[in-house]
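Here is a friendly briefing to read alongside the structure. Keep the 3D view open and look for each feature as it comes up.

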Amino acid sequence: MKNNFSQNTSIFQKLRDYDYVLLMSILILGVISIFAMYSTDGGEILFHTKSHFVKFSIFFPMMLILSFVNIKFWHAGSYFFYVIILGLLIWVALYGVQASGSKRWINLYFLNLQPSELMKIAVILCLAKYFHRIRTERINHFSTILVSLTIIIVPTILVITQPDLGTSILISLSGLIILWLSGLRIKYFVYSFILFLISLPFAISFLKPYQKLRILTFIDPDRDPLGSGYQIIQSKIAVGSGGLTGKGFLKGTQSYLDFLPEKHTDFIFTLFSEEFGFLGSMLLLLLYGLIIYRIIRTGLISRSFFSRLFCFGFAFAIFLYVSINMSMVLGLLPIVGSPLPIMSYGGSSLLATMIGFSIVLSAKINHNQNIS
(Lines give C-alpha, C1' and ligand atoms only; values in the text may rest on other atoms or scores of the structure.)
Protein backbone atom coordinates (compact mmCIF):
# COMPACT_ATOMS: atom_id res chain seq x y z
CA MET A 1 0.00 0.00 0.00
CA LYS A 2 1.25 3.38 -0.88
CA ASN A 3 2.30 5.46 2.08
CA ASN A 4 0.01 8.46 1.85
CA PHE A 5 1.98 10.52 4.33
CA SER A 6 5.12 10.30 2.20
CA GLN A 7 3.30 11.46 -0.92
CA ASN A 8 4.81 14.85 -0.38
CA THR A 9 5.91 17.80 -2.35
CA SER A 10 9.45 19.03 -1.84
CA ILE A 11 10.31 21.45 0.91
CA PHE A 12 10.74 24.20 -1.71
CA GLN A 13 7.22 23.60 -3.04
CA LYS A 14 5.89 23.66 0.51
CA LEU A 15 7.61 26.96 1.19
CA ARG A 16 6.30 28.31 -2.13
CA ASP A 17 2.70 27.35 -1.29
CA TYR A 18 2.84 28.53 2.32
CA ASP A 19 0.29 31.14 3.38
CA TYR A 20 2.64 33.85 4.64
CA VAL A 21 -0.18 36.41 4.91
CA LEU A 22 -2.06 34.18 7.36
CA LEU A 23 1.15 33.40 9.22
CA MET A 24 2.04 37.09 9.63
CA SER A 25 -1.52 37.96 10.65
CA ILE A 26 -1.40 35.36 13.42
CA LEU A 27 2.00 36.65 14.55
CA ILE A 28 0.81 40.28 14.60
CA LEU A 29 -2.28 39.28 16.59
CA GLY A 30 -0.04 37.40 19.02
CA VAL A 31 2.22 40.44 19.51
CA ILE A 32 -0.83 42.68 20.06
CA SER A 33 -2.16 40.21 22.62
CA ILE A 34 1.12 40.27 24.59
CA PHE A 35 1.06 44.10 24.71
CA ALA A 36 -2.61 43.98 25.76
CA MET A 37 -1.69 41.56 28.53
CA TYR A 38 1.15 43.92 29.56
CA SER A 39 -1.49 46.62 29.90
CA THR A 40 -3.73 44.41 32.06
CA ASP A 41 -0.73 43.92 34.35
CA GLY A 42 -0.61 47.72 34.86
CA GLY A 43 2.39 48.37 32.62
CA GLU A 44 4.59 45.79 34.30
CA ILE A 45 5.76 42.38 33.24
CA LEU A 46 3.83 40.39 35.80
CA PHE A 47 2.18 36.96 35.84
CA HIS A 48 -0.33 37.33 32.97
CA THR A 49 2.19 38.92 30.60
CA LYS A 50 4.89 36.34 31.34
CA SER A 51 2.49 33.41 31.14
CA HIS A 52 0.83 34.56 27.90
CA PHE A 53 4.23 35.37 26.33
CA VAL A 54 5.64 31.94 27.24
CA LYS A 55 2.56 30.10 25.93
CA PHE A 56 2.51 32.02 22.66
CA SER A 57 6.27 31.50 22.27
CA ILE A 58 5.72 27.73 22.60
CA PHE A 59 2.49 27.33 20.64
CA PHE A 60 3.45 29.52 17.67
CA PRO A 61 6.56 27.45 16.73
CA MET A 62 4.49 24.30 17.44
CA MET A 63 1.93 25.56 14.92
CA LEU A 64 4.71 26.16 12.39
CA ILE A 65 6.04 22.60 12.79
CA LEU A 66 2.58 21.00 12.63
CA SER A 67 1.67 23.02 9.54
CA PHE A 68 4.29 21.07 7.56
CA VAL A 69 2.62 17.77 8.49
CA ASN A 70 0.70 16.38 5.51
CA ILE A 71 -3.03 17.10 5.59
CA LYS A 72 -3.60 13.33 5.19
CA PHE A 73 -2.17 12.86 8.66
CA TRP A 74 -4.90 15.10 10.10
CA HIS A 75 -7.52 13.26 8.07
CA ALA A 76 -6.27 9.86 9.28
CA GLY A 77 -6.08 10.97 12.92
CA SER A 78 -9.38 12.87 13.11
CA TYR A 79 -11.44 10.17 14.87
CA PHE A 80 -8.56 9.32 17.18
CA PHE A 81 -8.15 12.99 18.15
CA TYR A 82 -11.89 13.29 18.82
CA VAL A 83 -11.97 10.12 20.97
CA ILE A 84 -8.94 11.24 22.98
CA ILE A 85 -10.49 14.64 23.75
CA LEU A 86 -13.81 12.96 24.57
CA GLY A 87 -11.93 10.71 27.00
CA LEU A 88 -10.35 13.78 28.59
CA LEU A 89 -13.81 15.34 29.02
CA ILE A 90 -14.95 12.19 30.86
CA TRP A 91 -11.76 12.37 32.95
CA VAL A 92 -12.62 15.98 33.83
CA ALA A 93 -16.11 14.93 34.93
CA LEU A 94 -14.58 12.33 37.28
CA TYR A 95 -11.30 13.81 38.48
CA GLY A 96 -11.12 17.36 37.08
CA VAL A 97 -9.83 20.41 38.90
CA GLN A 98 -12.66 22.42 40.41
CA ALA A 99 -12.60 26.21 40.67
CA SER A 100 -15.33 28.81 41.20
CA GLY A 101 -18.02 26.13 41.15
CA SER A 102 -16.91 24.64 37.81
CA LYS A 103 -14.98 21.45 37.06
CA ARG A 104 -13.32 22.09 33.69
CA TRP A 105 -9.58 21.47 33.95
CA ILE A 106 -6.90 18.79 34.18
CA ASN A 107 -3.85 19.83 36.16
CA LEU A 108 -0.75 19.15 34.04
CA TYR A 109 1.36 21.24 36.45
CA PHE A 110 2.73 23.44 33.63
CA LEU A 111 -0.80 24.05 32.29
CA ASN A 112 -4.36 23.63 33.50
CA LEU A 113 -5.68 21.90 30.39
CA GLN A 114 -9.30 22.61 29.49
CA PRO A 115 -10.31 19.77 27.10
CA SER A 116 -13.55 21.53 26.13
CA GLU A 117 -11.46 24.13 24.27
CA LEU A 118 -9.76 21.36 22.26
CA MET A 119 -13.17 19.81 21.58
CA LYS A 120 -14.08 22.90 19.54
CA ILE A 121 -11.46 21.77 17.00
CA ALA A 122 -12.01 18.02 17.47
CA VAL A 123 -15.71 18.23 16.51
CA ILE A 124 -14.94 20.13 13.29
CA LEU A 125 -12.14 17.70 12.43
CA CYS A 126 -14.22 14.61 13.18
CA LEU A 127 -17.27 15.78 11.20
CA ALA A 128 -15.09 16.91 8.27
CA LYS A 129 -13.69 13.38 8.02
CA TYR A 130 -17.12 11.77 8.50
CA PHE A 131 -18.78 13.76 5.71
CA HIS A 132 -15.70 13.40 3.50
CA ARG A 133 -16.56 9.70 3.25
CA ILE A 134 -20.35 10.04 2.96
CA ARG A 135 -21.78 9.95 -0.53
CA THR A 136 -23.91 12.96 -1.46
CA GLU A 137 -27.11 10.92 -1.75
CA ARG A 138 -26.65 9.57 1.80
CA ILE A 139 -26.10 12.92 3.55
CA ASN A 140 -29.80 13.36 4.40
CA HIS A 141 -30.35 9.75 5.50
CA PHE A 142 -31.53 9.20 9.07
CA SER A 143 -28.44 7.15 10.02
CA THR A 144 -26.08 9.88 8.76
CA ILE A 145 -27.92 12.58 10.70
CA LEU A 146 -28.02 10.41 13.82
CA VAL A 147 -24.26 9.72 13.76
CA SER A 148 -23.35 13.34 13.08
CA LEU A 149 -25.66 14.63 15.82
CA THR A 150 -24.20 12.10 18.26
CA ILE A 151 -20.70 13.44 17.48
CA ILE A 152 -21.96 16.91 18.45
CA ILE A 153 -24.34 16.18 21.31
CA VAL A 154 -22.19 13.85 23.46
CA PRO A 155 -19.36 16.38 24.11
CA THR A 156 -21.89 19.23 24.32
CA ILE A 157 -23.69 17.49 27.21
CA LEU A 158 -20.39 16.72 28.95
CA VAL A 159 -19.37 20.40 28.73
CA ILE A 160 -22.79 21.65 29.89
CA THR A 161 -22.48 19.57 33.05
CA GLN A 162 -19.10 21.14 33.97
CA PRO A 163 -20.95 23.67 33.80
CA ASP A 164 -19.75 25.71 30.82
CA LEU A 165 -22.70 26.96 28.80
CA GLY A 166 -20.68 29.26 26.53
CA THR A 167 -18.22 26.60 25.33
CA SER A 168 -21.00 24.04 24.88
CA ILE A 169 -22.89 26.50 22.64
CA LEU A 170 -19.75 27.14 20.58
CA ILE A 171 -19.08 23.39 20.19
CA SER A 172 -22.63 22.68 19.04
CA LEU A 173 -22.77 25.66 16.64
CA SER A 174 -19.37 24.74 15.13
CA GLY A 175 -20.69 21.22 14.56
CA LEU A 176 -24.00 22.38 13.09
CA ILE A 177 -22.26 24.58 10.54
CA ILE A 178 -20.38 21.51 9.24
CA LEU A 179 -23.73 19.72 8.82
CA TRP A 180 -25.06 22.68 6.85
CA LEU A 181 -21.92 22.92 4.71
CA SER A 182 -22.11 19.19 4.02
CA GLY A 183 -25.49 19.59 2.37
CA LEU A 184 -27.99 18.73 5.09
CA ARG A 185 -31.40 20.06 4.05
CA ILE A 186 -32.45 23.39 5.57
CA LYS A 187 -35.77 21.91 6.73
CA TYR A 188 -33.93 19.88 9.40
CA PHE A 189 -32.42 23.07 10.83
CA VAL A 190 -35.87 24.71 10.80
CA TYR A 191 -37.37 21.70 12.64
CA SER A 192 -34.49 21.77 15.14
CA PHE A 193 -34.95 25.50 15.74
CA ILE A 194 -38.68 25.06 16.36
CA LEU A 195 -37.91 22.20 18.75
CA PHE A 196 -35.32 24.40 20.48
CA LEU A 197 -37.88 27.21 20.97
CA ILE A 198 -40.46 24.78 22.36
CA SER A 199 -37.98 23.25 24.79
CA LEU A 200 -36.45 26.59 25.85
CA PRO A 201 -38.56 27.09 29.02
CA PHE A 202 -37.75 23.52 30.06
CA ALA A 203 -34.02 24.04 29.36
CA ILE A 204 -33.92 27.32 31.32
CA SER A 205 -35.27 25.54 34.38
CA PHE A 206 -32.06 23.44 34.41
CA LEU A 207 -29.73 26.43 34.30
CA LYS A 208 -27.61 27.24 37.33
CA PRO A 209 -28.73 30.29 39.36
CA TYR A 210 -25.78 32.38 38.14
CA GLN A 211 -26.62 31.49 34.51
CA LYS A 212 -30.23 32.65 34.99
CA LEU A 213 -28.87 35.82 36.60
CA ARG A 214 -26.73 36.49 33.51
CA ILE A 215 -29.82 36.33 31.28
CA LEU A 216 -31.73 38.69 33.58
CA THR A 217 -28.72 41.02 33.66
CA PHE A 218 -28.55 40.96 29.86
CA ILE A 219 -32.21 42.01 29.67
CA ASP A 220 -31.76 44.73 32.29
CA PRO A 221 -28.14 45.45 33.42
CA ASP A 222 -29.34 48.25 35.73
CA ARG A 223 -31.43 45.94 37.92
CA ASP A 224 -28.30 45.22 40.01
CA PRO A 225 -25.61 47.79 39.02
CA LEU A 226 -23.28 46.94 41.92
CA GLY A 227 -23.77 43.17 41.64
CA SER A 228 -24.52 41.05 38.60
CA GLY A 229 -24.74 44.07 36.28
CA TYR A 230 -21.48 45.66 37.43
CA GLN A 231 -19.13 44.04 34.93
CA ILE A 232 -21.18 44.71 31.81
CA ILE A 233 -21.91 48.31 32.87
CA GLN A 234 -18.20 48.97 33.45
CA SER A 235 -17.37 47.27 30.18
CA LYS A 236 -19.69 49.54 28.19
CA ILE A 237 -18.34 52.62 30.00
CA ALA A 238 -14.77 51.57 29.12
CA VAL A 239 -15.57 50.98 25.44
CA GLY A 240 -17.51 54.25 25.17
CA SER A 241 -14.84 56.28 26.95
CA GLY A 242 -12.28 55.17 24.36
CA GLY A 243 -13.94 57.44 21.80
CA LEU A 244 -12.57 57.62 18.28
CA THR A 245 -8.85 57.18 18.93
CA GLY A 246 -8.72 55.89 22.53
CA LYS A 247 -7.01 57.11 25.68
CA GLY A 248 -3.64 55.72 24.65
CA PHE A 249 -1.58 52.68 25.50
CA LEU A 250 -1.42 52.08 29.29
CA LYS A 251 -3.82 54.97 29.89
CA GLY A 252 -7.15 53.13 30.19
CA THR A 253 -8.55 54.46 33.45
CA GLN A 254 -11.39 51.94 33.73
CA SER A 255 -8.82 49.18 33.52
CA TYR A 256 -6.04 50.76 35.58
CA LEU A 257 -8.31 51.80 38.42
CA ASP A 258 -9.68 48.25 38.54
CA PHE A 259 -13.24 49.18 37.68
CA LEU A 260 -13.20 46.36 35.15
CA PRO A 261 -12.85 42.84 36.61
CA GLU A 262 -11.40 39.92 34.60
CA LYS A 263 -10.09 42.24 31.92
CA HIS A 264 -7.32 39.79 30.91
CA THR A 265 -9.73 37.01 29.89
CA ASP A 266 -13.07 37.44 28.12
CA PHE A 267 -13.01 41.25 28.51
CA ILE A 268 -9.65 41.92 26.87
CA PHE A 269 -11.43 43.65 23.96
CA THR A 270 -12.87 46.17 26.41
CA LEU A 271 -9.40 47.20 27.57
CA PHE A 272 -8.18 47.36 23.96
CA SER A 273 -11.13 49.55 22.92
CA GLU A 274 -10.62 51.92 25.83
CA GLU A 275 -6.94 52.42 24.97
CA PHE A 276 -7.15 52.44 21.16
CA GLY A 277 -10.70 53.62 20.58
CA PHE A 278 -13.01 52.98 17.64
CA LEU A 279 -10.22 53.13 15.06
CA GLY A 280 -8.05 50.64 16.96
CA SER A 281 -11.02 48.31 17.38
CA MET A 282 -11.75 48.52 13.65
CA LEU A 283 -8.13 47.63 12.85
CA LEU A 284 -8.36 44.63 15.18
CA LEU A 285 -11.60 43.58 13.46
CA LEU A 286 -9.93 43.95 10.06
CA LEU A 287 -7.10 41.70 11.24
CA TYR A 288 -9.60 39.03 12.29
CA GLY A 289 -11.41 39.55 8.99
CA LEU A 290 -8.17 39.03 7.06
CA ILE A 291 -7.49 35.82 9.00
CA ILE A 292 -11.00 34.49 8.28
CA TYR A 293 -10.67 35.45 4.60
CA ARG A 294 -7.34 33.58 4.25
CA ILE A 295 -8.84 30.46 5.88
CA ILE A 296 -11.86 30.54 3.53
CA ARG A 297 -9.52 31.12 0.56
CA THR A 298 -7.58 27.97 1.47
CA GLY A 299 -10.85 26.07 1.66
CA LEU A 300 -11.92 27.32 -1.79
CA ILE A 301 -8.71 26.17 -3.51
CA SER A 302 -8.47 22.81 -1.69
CA ARG A 303 -9.18 19.77 -3.84
CA SER A 304 -10.21 17.48 -0.98
CA PHE A 305 -13.66 17.78 0.58
CA PHE A 306 -12.10 17.13 4.00
CA SER A 307 -9.82 20.20 3.73
CA ARG A 308 -12.64 22.37 2.40
CA LEU A 309 -15.01 21.36 5.19
CA PHE A 310 -12.42 21.88 7.90
CA CYS A 311 -11.35 25.30 6.59
CA PHE A 312 -14.93 26.57 6.20
CA GLY A 313 -15.90 25.15 9.61
CA PHE A 314 -12.84 26.65 11.33
CA ALA A 315 -13.36 30.03 9.62
CA PHE A 316 -16.96 30.06 10.84
CA ALA A 317 -15.79 29.08 14.34
CA ILE A 318 -13.31 32.01 14.46
CA PHE A 319 -16.07 34.34 13.21
CA LEU A 320 -18.37 32.94 15.89
CA TYR A 321 -15.83 33.33 18.71
CA VAL A 322 -15.01 36.93 17.73
CA SER A 323 -18.60 38.03 17.17
CA ILE A 324 -19.92 36.40 20.37
CA ASN A 325 -17.06 37.79 22.49
CA MET A 326 -17.41 41.34 21.17
CA SER A 327 -21.23 41.26 21.33
CA MET A 328 -20.97 39.95 24.89
CA VAL A 329 -18.69 42.73 26.18
CA LEU A 330 -20.83 45.35 24.41
CA GLY A 331 -23.98 44.06 26.11
CA LEU A 332 -25.54 42.77 22.88
CA LEU A 333 -25.52 39.16 24.14
CA PRO A 334 -25.61 37.61 27.63
CA ILE A 335 -22.19 36.93 29.21
CA VAL A 336 -21.53 33.27 28.39
CA GLY A 337 -17.76 33.02 28.78
CA SER A 338 -16.32 33.12 25.27
CA PRO A 339 -12.62 34.05 24.87
CA LEU A 340 -11.36 36.26 22.04
CA PRO A 341 -9.08 34.04 19.90
CA ILE A 342 -5.37 34.53 20.75
CA MET A 343 -6.09 37.83 22.54
CA SER A 344 -7.68 36.41 25.70
CA TYR A 345 -5.57 34.91 28.45
CA GLY A 346 -5.92 31.12 28.56
CA GLY A 347 -3.51 28.36 27.50
CA SER A 348 -6.08 25.81 26.34
CA SER A 349 -7.91 28.28 24.13
CA LEU A 350 -4.61 29.42 22.61
CA LEU A 351 -3.45 25.82 22.09
CA ALA A 352 -6.70 24.82 20.36
CA THR A 353 -6.66 27.88 18.11
CA MET A 354 -3.03 27.23 17.10
CA ILE A 355 -3.82 23.59 16.25
CA GLY A 356 -6.67 24.81 14.06
CA PHE A 357 -4.35 27.25 12.26
CA SER A 358 -1.73 24.54 11.73
CA ILE A 359 -4.33 22.34 9.97
CA VAL A 360 -5.38 25.26 7.73
CA LEU A 361 -1.75 26.01 6.86
CA SER A 362 -1.21 22.32 6.10
CA ALA A 363 -4.31 22.35 3.88
CA LYS A 364 -2.87 25.33 2.00
CA ILE A 365 0.46 23.58 1.37
CA ASN A 366 -1.35 20.42 0.24
CA HIS A 367 -4.28 22.09 -1.53
CA ASN A 368 -3.65 20.09 -4.72
CA GLN A 369 -3.81 16.73 -2.96
CA ASN A 370 -6.86 14.51 -3.08
CA ILE A 371 -7.73 12.36 -0.09
CA SER A 372 -9.19 8.98 -0.99
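A residue is called buried when its relative accessible area is under 20%, exposed when that area is over 50%, and partly exposed in between (1.4 Å probe, protein chains only). By that rule 18 of the 19 residues of helix α5 are buried, so α5 is largely enclosed by the rest of the structure. Please note that this is a predicted model, in which local features need pLDDT of at least 70, side-chain atom pairs count only at pLDDT 80 or more, and totals for chains, interfaces and linings use all residues. Residues are numbered from 1 along each chain as its sequence is written, and side-chain values use heavy atoms, with hydrogens and water left out.

**Helix α5**

- Helices (H or I, at least four residues) and strands (E, at least two) are DSSP runs, numbered from the N terminus.
- Helix α5 covers residues 115-133, and its 19 residues reach 27 Å from the first C-alpha to the last.
- That span is close to the expected 27 Å, where the expected value is 1.5 Å times one less than the number of residues.
- At I121, α5 bends by about 30°; the bend is the angle between axes fitted to the seven residues ending there and the seven starting there.

- I85 belongs to helix α4, which spans residues 71-95.
- Is I85 buried or exposed? With 3% relative accessibility, I85 counts as buried.
- Leaving aside neighbours within four places in sequence, I85 is in contact (heavy atoms within 4.5 Å) with P115, L118, M119 and A122.
- I85 and P155 are 70 residues apart in sequence, and their C-alpha atoms are 9.0 Å apart in space.

**Strands and hairpins**

- Two strands pair if DSSP finds at least two bridges between them.
- Strand β1 (residues 97-99) and strand β2 (residues 102-107) pair in the antiparallel sense over three bridges, and V97 stands opposite W105 in β2.
- The hairpin of β1 and β2 has two residues between the strands, and S100 in the turn has a positive phi of about 50°.
- β2 also pairs with strand β3 (residues 112-113) in the antiparallel sense, over two bridges; N107 has N112 in β3 as its bridge partner.
- Four residues separate the strands in the hairpin of β2 and β3, where Y109 takes a positive phi near 75°.

**Cysteines**

- A disulfide is a covalent bond between the sulfur atoms of two cysteines.
- Here a disulfide is counted when a pair of cysteine sulfur atoms lies within 2.5 Å, and the count comes to zero.
- C126 counts as buried at 3% relative accessibility, and C311 is buried with a relative accessible area of 0%.

**Backbone details in the loops**

- A cis peptide bond joins Q162 and P163, with omega about -5°; P163 lies in the loop between α6 (142-160) and α7 (165-182).
- L250 is a residue other than glycine with a positive phi, near 70°.
- The loop between α10 (230-241) and α11 (253-256) holds L250, which counts as partly exposed at 28% relative accessibility.
- I342 is not a glycine, although its phi is positive at about 70°.
- I342 lies in the loop between α13 (305-329) and α14 (347-365) and counts as buried at 2% relative accessibility.
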